[in-house]
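Please look over the model below before reading on. The paragraphs that follow go from the helices to a pocket.

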Amino acid sequence: FAIEASEPNEVLRYLIELRGLKQGDLAEIVPQGNLSAILSGKRKISATLAGKLARFFNISPAVFVPG
């Protein structure tokens, strides 16, 4: 099955909701102000942050790269 491409911030929002997390749960990875900006689409996910998020969620960092 083909999966429609999603924006990295939408993927991150989905993963947070899926796991029942709050923004504060990611505070050790990304400051809350930056996370809010990412989720609202005002800031992009850097390659370094994509790697950290991928390790946290145990997924490929490629999901955080715009397609």
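Which residues of α3 are buried? They are L49, A50, G51, L53, A54 and F57, where buried means under 20% relative accessible area, exposed over 50%, and partly exposed in between (1.4 Å probe, protein chains only). Helices here are DSSP runs (H or I, at least four residues), numbered from the N terminus. The cover over the buried residues of α3 includes α1 and α2, with contact meaning heavy atoms within 4.5 Å. After α3 comes N58, with a positive phi near 60°.

This is a predicted model, in which local features need pLDDT of at least 70 and side-chain atom pairs count only at pLDDT 80 or more, while totals for chains, interfaces and linings use all residues. Residues are numbered from 1 along each chain as its sequence is written, and side-chain values use heavy atoms, with hydrogens and water left out.

Helix α1 spans residues 8-18, and its buried residues are P8, N9, V11, L12, L15 and I16. These lie on the same side of α1 because they cover an arc of only 160° around the axis, the arc being that of the directions from the helix axis to the C-beta atoms. Exposed on the other side of α1 are Y14, E17 and L18. Among the elements that cover the buried residues of α1 are α2 (32-39) and α3 (47-57). Just after α1, G20 has a positive phi of about 65°.

The axes of α1 and α2 are 8 Å apart, and the two helices pack at an angle of about 115°. Axes are lines fitted to C-alpha atoms, for helices over the stretch in contact, and angles run from 0 to 180 degrees between N-to-C directions. On the α1 side the contact is made by N9, L12, R13 and I16, and on the α2 side by L35, I38 and L39.

N9 lies in helix α1 and has a relative accessible area of 16%, so it is buried. Leaving aside neighbours within four places in sequence, N9 is in contact with I38, L39, S40 and G41.

N9 is also one of the residues lining the largest pocket, together with E7, P8, I38, G41, R43, K44, I45, F64 and P66. A pocket is, on a 1 Å grid over the protein atoms alone, an open set of points where a 1.4 Å probe fits, with protein on both sides within 12 Å along at least five of seven lines; lining residues have an atom within 4 Å of a point. The largest pocket holds about 170 Å³ of space, a volume being the space filled by probe spheres set on the points, which are joined across faces, edges and corners.
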